[in-house]
Amino acid sequence: MAKVFIYPGTSLILSDLVSRFGHRPLGSALSVREKVQTAGLDSPPLQITPEDPKKGLRFAAVEVPSGVRGRMSLHGPQIEEAEAGIIILDADLAFGCMGCARTNELVRFLLHQRDIPILELTYPRSDEEGIRFVAAIRDFLSALAGGAAA
Amino acid sequence: MSEAAAADRVSARPGVQPGTATKYVFVDSPELTAADLALRGYEIAPGVQIKETCFGLMITGPEADVERLVDELRLLDPDRIFVKDRGFPPGDERRCRANLGGARPGFYGHENEMRLVRYISSGLRALRDPKKADLLRAKPRSPDEPLSVERLNTIIQES
């Protein structure tokens with residue numbers, strides 16, 4: 001079972017397909033859950049601990065807006081942990097403020113910097129595209145170690 | 001606040017203890033409703049908290065139990081049931097729209113993707129029909145993609 005980073009991290013479709021084909025999707029929910037289950041945090045993920053900016057500094061320089069560093073404290077460790085990545089290029093749902101936009105750019109950049117298999121796709125808009133989309137993900141994931149057939 | 005007091009505050013909230021997991025189960029099927037899923041869920045795993053929603057279910061409980069339940073529920077309609085993790089447990093006042101007003105954070109993302117899951121269902125169905133999947137994969141990727149010389153040659157030879 002490989003750990004597959006998904007972008008956008010909140011994608012239902014990617015999360016479902018990755019786990020369906022026998023791998024572990026690394027999405028935003030997992031890092032948010034970790035914060036939710038941490039004692040002493042009343043309003044995660046907005047509230048951060050003194051450790052979080054330090055984590056974020058490993059991925060974004062100190063002059064980068066603090067919002068990006070805060071977000072990278074959630075996504076950065078997952079990118080380091082990932083053994084593969086799937087990126088959706090036309091993910092309008094990842095739209096947000098400038099902090100989100102810059103974090104999204106940085107996440108995609110860091111994924112490409114890592115020497116791991118990356119699959120880039122666009123969302124399907126028809127049945128034919130859906131078939132190609134699912135087949136591409138299935139082929140990509142079955143090439144990773146420990147994948148299973150649906 | 002002392003660490004013990006903080007731990008008490010966290011454990012007072014249901015579903016946030018370490019080791020618990022929450023999953024969304026989305027159903028987009030003409031043959032299966034969220035209520036059917038909830039009934040089946042309670043039959044399979046009585047120790048797990050299940051919240052029925054308009055789109056499907058939210059399931060909270062020990063991670064292994066939730067995984068087992070989700071695997072069983074998927075069998076009801078494998079191509080039209082979609083599952084993803086959730087950070088917060090259902091009803092958590094920090095996320096529940098009953099407390100915040102307006103749409104729940106994350107709703108718009110789900111709304112966006114739920115419009116597309118029917119194409120994913122088609123893709124999953126086609127995986128069991130390799131002929132159709134191969135045929136469609138062989139087609140040009142998009143109408144804007146230029147026709148390759150090899151493909152043009154093939155078309156000329158076939159006609």
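**Entry 1: sheet of chain B**

I began at a strand pair and found Phe26(B) standing opposite Phe82(B) of β4(B). I note here that the model is predicted. I then looked up the pairing of β1(B) with β4(B): the two run antiparallel and are joined by 6 bridges.

I traced the rest of the sheet next. It is open, has 4 strands in the order β2-β3-β1-β4 (chain B), and pairs antiparallel. I logged β2 (49-52) and β4 of chain B as the edge strands, each pairing on one side only. From one strand to the next, I read an average twist of 20°.

I also looked for helices on this sheet. Helix α2 (residues 28-36) of chain A packs on it and touches β1 and β4 of chain B. I wrote down about 40° between the direction of that helix and that of β4(B). From chain B itself, α3(B) packs on the sheet, touching β1, β2, β3 (56-62) and β4 of chain B. Its direction makes about 150° with that of β3(B).

**Entry 2: interface of chain B and chain A**

I find 50 residues of chain B in contact with 40 residues of chain A. The buried area between the chains is about 3,700 Å², and carbon and sulfur atoms give 59% of this.

I looked up the salt bridges and got 2 across the interface. One of them joins Asp16(A) to Arg74(B), with the closest N and O atoms 2.8 Å apart.

I then listed the elements of chain B that give two or more residues to the side touching chain A: α1 (3-12), β1 (20-27), α3 (63-74), β4 (81-86), α5 (107-114), α6 (117-127) and α7 (130-138). The largest share, 9 residues, comes from α6(B). I sorted the residues of this side into 24 nonpolar, 10 polar and 16 charged.

**Entry 3: sheet of chain A**

Strand β1 (residues 3-7) of chain A is joined to β2(A) by 3 bridges. I found Lys3(A) opposite Arg24(A) in β2(A).

Terms used:
Residues are numbered from 1 along each chain as its sequence is written. Chains are lettered from A and ligands numbered from 1 in the order in which they are written. This is a predicted model: local features need pLDDT of at least 70, side-chain atom pairs count only at pLDDT 80 or more; totals for chains, interfaces and linings use all residues. Side-chain values use heavy atoms; hydrogens and water are left out. Contact means heavy atoms within 4.5 Å. Buried area is the accessible area (1.4 Å probe) that two parts lose on being put together, summed over both. A salt bridge is a side-chain nitrogen of Lys or Arg within 4 Å of a carboxyl oxygen of Asp or Glu. Ala, Val, Leu, Ile, Met, Phe, Trp, Tyr, Cys and Pro count as nonpolar, Asp, Glu, Lys and Arg as charged, and the others, Gly among them, as polar. Two strands pair if DSSP finds at least two bridges between them. Axes are lines fitted to C-alpha atoms, for helices over the stretch in contact, and angles run from 0 to 180 degrees between N-to-C directions.
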